[in-house]
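Please look at the sequence and the structure below.

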2 protein chains.
Amino acid sequence: MLTIWEKIQAAHLTGLIPQTLVAVERESHRIDDHGVLAVTDHPKALGNRATHPYFQTDFAESQLEIITSPNVLAQTVDELQALTASALRGLPQTEALWPLTMPATLPHDVPIAHPTPERLAYREQLVAKTKAVNPQLMSSIHLNLSLPEQLFERLYEAEDFKGTPPSYLDYRNQIYLHLAQQWIKYRFVLTYLFGASPAANADFNSALPKQPVRSLHSSHQFGYHNDEHVHVSYSSVEAYARDLKQAVESGQLISPAQLYAEVRLRSSVPLAQGIHYLEFRDLDLNPFVATGIDAQELQFMQDFAWFLLSQPQMTGDIDEQLATAARMNDKIAMQAPTTSSQEVADAMDQMAIWLNQQTITKPQFAAFTAMQDRVLHPEHTPAAKLVAAGAFETVGQQLARTNKQWATDEPYLLPGFTDMEQSTQMLIEDAMRIGLKVDVLDRSDQFIRLTNGEHQELVRAGNETRLDNLVASRLVDNKFVTKQLLGEAGLPVARAMVYHDLESAQRDFATSFRNKSLVIKPNAANVGEGVSLFMVPPTPEEFETAFQFAHRYGDVLVELFVRGTEYRFFVVANHVHAILERVPANVVGDGQHTVAELVAKKNQDPMRGEAHRKPLQQLHLDERELAVLAEQGLTADSVVPRGHQAFLLTNSNISTGGDSYDMTDEVDESYKKLAIKVAKTMGQTISGVDMIIPNLYQPYQADQAGMATVIEANYNPAMFMHLFPYSGKSRRVTRAVLAALFPEMKDL
Amino acid sequence: MLTIWEKIQAAHLTGLIPQTLVAVERESHRIDDHGVLAVTDHPKALGNRATHPYFQTDFAESQLEIITSPNVLAQTVDELQALTASALRGLPQTEALWPLTMPATLPHDVPIAHPTPERLAYREQLVAKTKAVNPQLMSSIHLNLSLPEQLFERLYEAEDFKGTPPSYLDYRNQIYLHLAQQWIKYRFVLTYLFGASPAANADFNSALPKQPVRSLHSSHQFGYHNDEHVHVSYSSVEAYARDLKQAVESGQLISPAQLYAEVRLRSSVPLAQGIHYLEFRDLDLNPFVATGIDAQELQFMQDFAWFLLSQPQMTGDIDEQLATAARMNDKIAMQAPTTSSQEVADAMDQMAIWLNQQTITKPQFAAFTAMQDRVLHPEHTPAAKLVAAGAFETVGQQLARTNKQWATDEPYLLPGFTDMEQSTQMLIEDAMRIGLKVDVLDRSDQFIRLTNGEHQELVRAGNETRLDNLVASRLVDNKFVTKQLLGEAGLPVARAMVYHDLESAQRDFATSFRNKSLVIKPNAANVGEGVSLFMVPPTPEEFETAFQFAHRYGDVLVELFVRGTEYRFFVVANHVHAILERVPANVVGDGQHTVAELVAKKNQDPMRGEAHRKPLQQLHLDERELAVLAEQGLTADSVVPRGHQAFLLTNSNISTGGDSYDMTDEVDESYKKLAIKVAKTMGQTISGVDMIIPNLYQPYQADQAGMATVIEANYNPAMFMHLFPYSGKSRRVTRAVLAALFPEMKDL
């Protein structure tokens with residue numbers, strides 16, 4: 001009889017491996033700064049766990065559970081990283097996540113998790129029934145795995161059934177059942193590779209072995225099992241379902257959720273409608289990575305599952321064979337961590353042969369090689385490394401710190417998504433934390449979907465949403481029409497006109513623009529070229545030259561030039577969430593160092609660096625900068641007087657090294673109202689309003705000329721510069737966007 | 001004492017002339033196809049005149065009044081043309097507009113206009129009071145003129161007042177009053193130039209002169225005046241206001257609206273708060289243009305008003321002098337049309353001198369020259385030309401037909417706006433007709449504003465509006481994400497995947513896309529390049545080549561190719577308004593003519609022509625077309641069998657000569673529901689959904705594969721092709737857009 005894998009090969013379906021869907025559940029306790037399990041409530045910052053798609057609590061209130069959504073492997077890895085970072089950043093400053101499977105020092109009373117009254121009641125029933133709290137406190141990884149539906153469909157099509165063909169559901173069930181059986185049979189391989197609970201706190205269990213083992217958690221004696229009377233057969237799907245039902249009905253189990261088996265047969269509907277995925281349970285946490293399991297381990301697990309499809313179908317007394325396998329697993333678990341295992345080596349060799357039959361990807365190869373290394377060098381297994389690292393307590397606390405630093409050292413990047421725009425990274429982080437399901441629809445296009453229950457929202461580029469309309473975005477692209485509408489609404493704009501031809505511009509020049517400081521520029525937005533600025537009013541000849549210069553880009557806007565400091569108001573849904581003053585790239589003199597030295601010094605700020613990796617940009621001293629310095633009578637070697645600001649550029653963009661000052665709490669309320677009115681007039685919900693304000697403390701008066709001048713109101717305004725300003729408070733404007741999109745989530 | 005003009009010159013304000021605001025009111029009767037004043041109600045198609053900004057009725061129900069909004073001259077000319085065309089196109093087929101000032105043949109009873117009960121009551125009171133209906137039936141042009149506010153402001157600033165300076169309001173009033181006085185004084189010039197009522201129907205007045213005159217309408221005897229006892233002084237603004245008030249209070253006038261003077265002093269607020277504009281009244285219609293007054297006449301009127309500012313201020317008994325002027329005007333009015341006038345020539349010479357002092361524009365020069373020609377050649381005046389053209393009745397009916405043809409011959413263009421996109425032209429036409437105020441904010445950017453009372457809407461490019469949101473438009477630009485979302489919603493899309501690299505594409509090729517017809521193309525929308533189509537499934541080598549070809553534009557979409565006819569569904573607000581089948585450029589053989597001859601013949605269709613001027617495009621026979629013919633075994637000289645369709649191109653765009661068939665009433669309702677669901681899933685309000693449907697009569701069934709395949713859903717979908725299809729019913733989708741934007745306008 002052909003193995004399942006042989007059928008897959010015959011039907012040319014081996015290419016489907018990458019379409020496997022996996023989801024990770026990862027538990028770990030919050031600890032306080034003494035390394036004791038936290039007795040605080042589940043952090044508010046992590047959203048409402050009753051509905052949260054990613055963050056739950058397990059048995060204890062401190063036992064955070066991070067759950068990824070079913071996805072292809074690469075995406076699961078990214079999501080697990082991002083979720084872990086988002087969770088760690090959402091913890092109180094004094095807390096961290098305990099990295100080990102065996103719990104940290106316990107407080108006097110371990111608070112039981114109380115996400116809802118019903119779930120608290122279940123847990124209290126569990127305690128009453130099992131009369132043990134400690135075993136429930138071990139933390140582990142569960143992996144849900146679903147084979148591609150196409151695999152079943154096309155295998156079923158290709159089968160040459162003898163006699164009455166099974167139903168499609170039965171056919172699929174058989175394959176999943178095979179996989180579950182094999183998983184239990186070969187569980188010892190995973191216990192060898194992943195086992196990472198060599199020791200525990202003395203108060204965990206009085207019978208702890210004196211010498212470290214591979215995995216207390218995976219062992220029969222110290223692991224967490226159901227009552228010995230509970231027996232669920234894996235000989236057939238029917239037997240499994242029947243036994244499970246019986247155990248619940250007889251009161252042996254409170255519910256199917258209390259079945260602590262290594263594999264559960266799972267369905268997204270009642271199990272009678274077929275198995276949809278398998279839940280591989282109770283793997284030890286890898287404490288050396290913040291995520292508890294790394295990309296190679298996940299890759300290996302996926303390949304291992306497919307490898308198991310190449311095993312011959314079990315025959316005979318299956319449950320007896322699985323009991324034997326359990327004993328084998330227990331043996332491996334209780335070995336000293338540096339012991340090698342021939343059985344494991346044999347299984348790995350089989351898998352190597354299986355892999356060699358295929359064209360495998362680089363990640364597949366690397367993952368297998370890394371696991372093979374643990375087989376060849378038992379001292380490289382997590383359990384052995386943990387023992388080598390030192391005492392349980394010390395190592396646990398140290399790794400907890402390292403893992404928290406992993407998340408918090410670069411708060412302006414979200415692990416797993418660092419190739420995306422930084423604003424989108426921050427939006428994803430916030431969305432995940434508060435409990436919005438995040439689907440990245442297109443990474444390079446910054447296209448994501450956020451879901452809360454039935455409510456879905458698309459977001460592109462951080463804040464392009466349903467809340468803003470199409471024609472309002474077109475309006476922004478037309479400077480003159482913008483001015484017209486703002487002017488009509490009584491908002492202060494610099495007087496301007498747009499011209500199709502020189503003749504009419506010249507006529508107005510003689511009347512309206514005579515002896516005025518002017519800006520002459522193309523009317524279409526986003527054209528950086530063709531702009532002339534005349535602080536000293538231009539002569540008719542200069543006017544003509546500047547006009548022709550701009551005219552190459554179409555219609556020409558002639559505008560009165562306004563002097564003053566420019567502010568960016570970040571408006572969402574009629575509320576100003578942040579105000580930034582932007583200053584062109586500059587250094588401030590100390591009367592001692594040269595400009596070049598000051599630039600070098602300013603560049604040492606760890607917040608300055610490459611674009612898309614750091615919040616602030618490096619300063620340069622190239623041709624452009626030297627020219628700007630020259631206008632101030634300076635060179636790179638000039639020593640700038642103490643307190644004197646030397647500008648390197650004239651534009652104030654953060655992307656060219658400009659400084660950003662948060663002024664949200666400084667600017668008078670009246671200007672905020674003005675910015676809101678601008679956004680409203682433009683028909684914008686999310687808007688970046690630029691205004692020139694000579695004195696931000698003096699209340700705005702509409703009838704007093706020059707108190708404020710609206711420059712423009714951008715759609716899709718930059719958010720990152722408000723999150724990580726050069727100076728002043730961080731303003732989490734990404735949260736404001738989420739709050740506007742999901743008003744039903746009250747606590748944002 | 002300096003004249004006003006001299007002050008304007010001294011302050012360098014002569015450049016302000018083009019900023020004069022003018023608005024035209026033009027009356028004319030609807031007539032039936034016998035040339036009799038129509039007795040039908042004001043056409044429903046012209047909207048609700050109670051609130052209509054452009055279309056009203058004057059005294060009679062048949063007396064349509066077209067009103068432009070205050071604007072600079074060039075815009076007024078455009079708007080007047082567009083409004084006139086829009087009105088003429090909105091008339092019942094049997095009706096036209098009587099082009100002459102003196103009314104056409106009267107029906108037995110002339111229905112009095114009844115826009116509202118109040119206004120009907122006023123008119124009935126008027127009839128009772130004046131005991132005359134006929135004089136009310138004359139139709140004329142009124143011109144509202146407002147000098148630029150900047151002119152008054154800057155003159156006022158520049159004035160060196162002796163003693164107590166007047167208030168700004170008084171100062172402005174004085175200038176307007178001067179202009180009103182001078183206008184009355186020189187009215188005879190306009191009567192000479194514009195007079196166009198040489199005769200009338202015999203039943204109009206029993207005392208009509210035997211010989212034609214210049215303007216019955218402008219004469220004392222036959223024109224329409226107030227009771228002889230009504231005397232309103234123009235010696236001062238106060239006297240004018242006082243006399244007007246007295247005349248109303250004494251019952252001589254029903255209201256100020258009954259003052260039939262040549263000039264009214266007008267304010268947008270009570271007159272006590274100052275004059276805002278002058279209403280120059282009762283000019284004869286120019287019957288030789290559909291608009292009743294042409295661009296040169298309007299230009300001349302504007303310049304004439306500014307010229308009058310150069311006249312010295314009147315002193316002495318002003319009313320007496322104005323009475324003399326009125327007698328002068330009467331003399332000119334009652335002259336034979338071919339009589340020349342030394343007085344008019346003298347005035348025009350003065351104006352010529354005034355013009356010579358300035359740099360004037362080409363339109364100013366052309367306008368003055370055209371009027372000067374009427375002075376030098378009295379036979380070129382409208383009155384003389386009318387007399388020469390024939391009998392009153394015949395000429396009137398003939399010009400009515402000509403003017404209606406002007407509007408209806410090219411229904412796919414809107415006079416005054418033919419430089420804009422054709423969809424926008426049609427939208428403007430519809431908006432004007434139903435009574436939305438239209439402001440063109442930027443012609444080259446197709447940016448308009450529509451207003452109904454307090455309700456404003458911006459529209460760009462015909463149907464980019466507030467109704468569609470920003471992120472939905474971004475969604476359209478990403479083919480793969482679009483497919484993902486449509487697929488998730490259970491909508492039929494061709495199976496596809498997007499790839500960043502060749503390796504993963506090749507892996508899927510082996511499993512998912514083996515032996516299938518494929519389209520391989522760049523994922524980003526609007527990239528026409530890089531597309532490969534394989535009707536015969538590609539070999540792995542062909543697949544790789546095609547992948548690399550598309551990969552130059554970024555991510556690559558590999559999609560199953562679907563065969564069938566493509567339909568465009570035009571959806572607005574959950575309703576399908578039009579469905580079009582598009583067929584690539586082609587000719588149908590007759591067994592006799594060559595392809596080249598058939599192309600030439602098809603191009604003779606008057607609907608085919610240059611882009612942006614005609615609804616359908618010319619066919620070509622260039623390299624591309626010859627290559628496509630060659631694939632069908634044809635050349636330009638082939639004789640195509642009777643009924644056989646020879647294709648010239650493979651793409652079905654109307655812009656490259658494709659044929660469009662309206663199928664709105666043919667396609668099964670189920671597909672309309674499907675299109676609506678597509679638009680909804682995409683979050684689009686205004687959507688162009690493209691679907692392939694093999695059999696449009698067979699109801700769609702979701703569970704039956706291949707009955708429909710959604711290709712894409714465009715935002716800002718083309719409208720023009722539905723308005724003027726190659727074959728089938730015209731679908732006024734522009735109206736659907738207006739109805740969605742202005743749901744409060746029930747009758748759309």
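Thr664(B) is buried, with a relative accessibility of 6% (buried means under 20% relative accessible area, exposed over 50%, partly exposed in between, with a 1.4 Å probe and protein chains only). Thr664(B) lies in the loop between strand S21 (659-662) and helix H21 (669-681) of chain B; helices (H or I, at least four residues) and strands (E, at least two) are DSSP runs, numbered from the N terminus. The model is predicted: local features need pLDDT of at least 70, side-chain atom pairs count only at pLDDT 80 or more, and totals for chains, interfaces and linings use all residues. Residues are numbered from 1 along each chain as its sequence is written, chains are lettered from A and ligands numbered from 1 in the order in which they are written, and side-chain values use heavy atoms, with hydrogens and water left out.

Leaving out residues up to four places away in sequence, Thr664(B) touches His577(B), Ala578(B), Ile579(B), Lys672(B) and Arg731(B), where contact means heavy atoms within 4.5 Å.

Now to the interface. Here 43 residues of chain A are in contact with 43 residues of chain B. The residues on the side of chain A number 14 nonpolar, 14 polar and 15 charged (Ala, Val, Leu, Ile, Met, Phe, Trp, Tyr, Cys and Pro count as nonpolar, Asp, Glu, Lys and Arg as charged, and the others, Gly among them, as polar). Four salt bridges are found across the interface, a salt bridge being a side-chain nitrogen of Lys or Arg within 4 Å of a carboxyl oxygen of Asp or Glu. Glu464(A) and Arg474(B) meet in a salt bridge, at 2.6 Å from N to O.

The last topic is the aromatic rings. Over all chains there are 48 aromatic pairs. Rings of Phe, Tyr and Trp (its six-membered ring) pair if their centres lie within 6.5 Å; planes under 30 degrees apart count as stacked, over 60 as edge-to-face and the rest as tilted. Tyr156(A) and Phe161(A) form a tilted pair, with 5.4 Å centre to centre and 55° between the planes. Tyr156(A) is partly exposed at 25%, and Phe161(A) is partly exposed at 25% relative accessibility.
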